[in-house]
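Here are a few notes to go with your first look at this one.

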Amino acid sequence: MSKKKPKQQSNTIAQNRKVRHDYFIEEKFEAGLALQGWEVKSLRGGSVNLTDTYVFVKDNEAWLIGTNITPLNTVSTHYVTEPTRTRKLLLNARELKRIEDAIKQKGRTCVCTALYRKGHLVKARIELAQGKKLHDKRET
């Protein structure tokens with residue numbers, strides 16, 4: 001009898017596939033997320049939506065806006081949850097400066113394309129992107 005290999009579990013929690021259709025991807029970054037306890041538990045359950053998520057830089061800090069993390073039913077009743085709150089991204093100064101300079105240019109933005117686990121941490125893949133024109137979208 002041969003032993004079956006255990007299935008490799010994907011570390012990806014959520015992906016935003018629509019980004020490839022709407023943008024030309026130019027550069028990728030890996031950022032940590034500052035999350036609350038109930039958010040981590042909900043991410044393990046896979047209840048997250050990355051559609052319309054983007055990155056905003058203010059006062060040398062990067063913020064993830066538009067991510068919807070739906071709370072689980074098991075979250076304590078005395079705790080107020082806010083599913084679409086603004087979450088802080090953890091990047092080093094060089095990466096922050098690079099993203100900030102790129103966002104200031106016309107037609108460029110920074111979007112979140114995936115959330116995944118790396119060890120015991122939750123990471124976000126953010127990408128600098130150039131918006132596509134309508135005729136470019138038809139080709140993809």
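Is Glu27 buried, partly exposed or exposed?

1. Glu27 counts as partly exposed, because its relative accessibility is 23% (buried is under 20% relative accessible area, exposed over 50%, partly exposed in between, with a 1.4 Å probe and protein chains only). Before going on: this is a predicted model, where local features need pLDDT of at least 70, side-chain atom pairs count only at pLDDT 80 or more, and totals for chains, interfaces and linings use all residues. Residues are numbered from 1 along each chain as its sequence is written, and side-chain values use heavy atoms, leaving out hydrogens and water.

2. Glu27 has a salt bridge to Arg98, with 3.1 Å between the closest N and O atoms (that is, a side-chain nitrogen of Lys or Arg within 4 Å of a carboxyl oxygen of Asp or Glu). This pair ties together distant parts of the chain, 71 residues apart: Glu27 is in strand β2 and Arg98 in helix α3 (helices, H or I, of at least four residues and strands, E, of at least two are DSSP runs, numbered from the N terminus). Arg98 is partly exposed, at 48%.

3. Now look at Arg85 and Glu39, whose closest N and O atoms are 2.9 Å apart in another salt bridge. Arg85 sits in the loop between β6 and β7, Glu39 in helix α2, 46 residues away. Arg85 counts as buried at 18% relative accessibility, and Glu39 does too, at 0%.

4. Helix α3 also holds Asp101 and Lys97, 4 residues apart, about one turn of the helix. Their side chains meet in a salt bridge at 3.6 Å, N to O.
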